[in-house]
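I opened my notebook to look up a few things in this model. Here are my entries, in the order I made them.

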Amino acid sequence: MCTLEKRGRLFLLKLTGDGEHRLNPTLLDNLRSAITQIRSDPSSSQSVLITTSDGKFFSNGYDLALAASDPPLRALMAAKLRSLVADLISLPMPTIAAVTGHASAAGFLLAMSHDYILMRRDRGFLYMSELDIELVLPAWFVAMIRMKVASPAARRDVALTAEKITADRGLEMGIVDSRHGSAAETVEAAVKLGEEIVRRGADGHVYGRMRETLLREVLHAIGSNESASSGVRNSGSKLSWNSSWRTSTWSAFLLLPRCVGRSARF
Amino acid sequence: MCTLEKRGDLFLLTLTGDDEHRFHPDTISSVLSLLEQAKSQSTRGSVLITTAHGKFFSNGFDLAWAQAAGSQTGAVNRMHQMVESFKPVIAALFDLPMPTIAALNGHAAASGLMFALSHDYVFMRNDRGVLYMSEVDLGLPLPDYFAAMFAAKIGTSIAKRELLLSGKKIKGEEAVALGIVDSAAHDSVEGVVEATVSLGESLAAKKWNGEVYASIRKSLYPGLCAMLSVTDKIAASP
């Protein structure tokens with residue numbers, strides 16, 4: 001479902017196989033496991049994460065077919081994605097999404113949860129498909145769009161025109177940082193960018209904290225969702241929103257078998 | 001004063017007559033009632049296009065009517081009345097269960113510009129017509145929901161300054177460069193209307209669910225919608 005490779009100071013996280021990499025509970029758990037592993041690596045604060053995928057898709061969003069067959073799974077997938085994104089936002093290292101295939105809905109969100117988006121220009125698009133499939137956007141999706149897409153017209157094009165955004169358009173709209181000729185070239189460029197960032201030698205912990213500050217509206221929206229949803233256990237109303245999302249994230253992450261006993265970053 | 005026509009999937013709202021189409025209690029309530037009509041007749045694939053006749057899209061509130069009150073207090077009350085009664089018009093546009101397009105035939109000033117900006121897409125002419133926030137020149141304060149609209153719809157500090165603080169009359173090309181309008185490619189009213197009809201038809205072809213469309217629109221502008229008391233009927237999905 002996903003593999004994690006280390007190349008010097010670069011972590012390469014890949015969604016594997018030729019399918020749509022739908023964000024079902026299993027894949028989300030695997031991704032979160034991988035992030036936990038990255039976090040606990042001793043050199044993590046001097047590293048960079050690159051996320052990419054095999055095949056035609058980066059990710060085509062939630063597993064809606066699964067949710068249709070078992071409705072409570074919908075809330076569970078959403079809770080797990082929120083945890084994963086919160087993890088990515090607090091990750092003590094720069095993150096690069098090397099988008100070599102279609103990224104739709106929650107898959108587009110996952111790409112946007114990275115600091116840099118590099119994309120292939122010959123194929124594939126970013127697509128906030130919800131309008132086309134009669135779904136509304138959760139507030140935290142909108143918070144991410146507002147943070148990552150600067151112009152009101154571009155936000156409208158993303159959410160309200162449901163535009164299928166190519167790398168060229170993405171660059172124009174300020175969503176994509178650079179575009180490349182093929183999948184291989186995109187990953188190569190991500191590796192090169194990652195190595196350049198590592199050379200700069202910034203402290204990952206400081207970096208992670210700065211990113212949390214920059215994206216605090218997204219974290220706040222995720223946190224508001226946590227207390228409203230029944231998918232993840234809430235730690236209790238005495239805690240502030242800030243620590244309650246972390247604690248509920250911690251509770252959710254304790255459920256992962258491989259990670260019990262490992263210390264997280266607070 | 002204003003008419004609502006149906007052309008296939010498209011609703012055409014037109015401010016008629018060769019005047020300045022100033023917003024006055026009567027015009028405000030006519031426009032509101034036509035928007036309510038469009039809402040009640042909306043189906044999948046409906047689209048609204050708003051335009052006007054003559055040299056003006058709309059030149060703002062009817063200040064002459066306010067002054068005709070005869071006293072300072074009377075004038076202030078009338079201004080207040082127009083500001084308050086105009087809010088539901090803006091709210092109705094944000095709530096409308098269909099894509100909305102403003103085809104600016106001419107000048108849009110103050111509340112006239114607010115009216116234009118309340119649409120999802122704004123097209124203007126290249127050759128004629130300016131956008132003008134006259135308040136700074138007239139010494140009038142900006143109502144809170146006007147300020148919220150500019151915060152929501154205008155992206156850069158530079159554009160906000162040019163529009164709100166400089167008293168500038170902004171023409172088509174500059175309006176596009178500042179990101180205030182989507183297009184100023186046409187040198188005639190017919191050109192602009194044709195372009196908006198073309199956009200309208202391509203949006204209509206998507207056959208979107210209007211309630212979902214409106215919900216997503218409102219979620220993009222949470223601050224402004226809260227101020228307009230525009231609520232969301234569809235609960236957000238996780």
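In which strand is the place of A:C2? I found A:C2 in strand β1 (residues 2–7) of chain A; helices (H or I, at least four residues) and strands (E, at least two) are DSSP runs, numbered from the N terminus.

Ground rules, before I go on. This is a predicted model, where local features need pLDDT of at least 70 and side-chain atom pairs count only at pLDDT 80 or more, while totals for chains, interfaces and linings use all residues. Residues are numbered from 1 along each chain as its sequence is written, chains are lettered from A and ligands numbered from 1 in the order in which they are written, and side-chain values use heavy atoms, with hydrogens and water left out.

**Entry: around A:C2**
I looked up the contacts (heavy atoms within 4.5 Å) of A:C2. Leaving aside neighbours within four places in sequence, A:C2 touches A:L13, A:K14, A:L15, A:T16, A:L27, A:N30 and A:L31.

**Entry: two helices**
I then turned to helix α3 (residues 72–90) and helix α9 (residues 204–214), both of chain A, which pack at about 125° with axes 7 Å apart. Axes are lines fitted to C-alpha atoms, for helices over the stretch in contact, and angles run from 0 to 180 degrees between N-to-C directions. α3(A) and α9(A) are therefore oblique to each other, given that angles under 35 degrees count as roughly parallel, over 145 as roughly antiparallel, 65 to 115 as roughly perpendicular and the rest as oblique. From α3(A), A:L88, A:I89 and A:S90 meet A:G208, A:R211 and A:E212 of α9(A).

**Entry: salt bridges**
My rule here was a side-chain nitrogen of Lys or Arg within 4 Å of a carboxyl oxygen of Asp or Glu. Over all chains the count comes to 28. I picked out A:R32 with A:D87, at 2.9 Å, N to O. This pair links distant parts of the chain, with A:R32 in helix α1 (residues 25–40) and A:D87 in helix α3, 55 residues apart.

**Entry: chain A against chain B**
How many residues of chain A are in contact with chain B? I found 21, in contact with 24 residues of chain B. The buried area (accessible area, 1.4 Å probe, that two parts lose on being put together, summed over both) is about 2,100 Å², and carbon and sulfur atoms give 62% of it. In chain A, A:V136, A:R156 and A:L160 lose the most area to chain B, together 32% of what that side buries. The interface holds 2 salt bridges; I noted the one between B:D182 and A:R156, at 2.9 Å, N to O.
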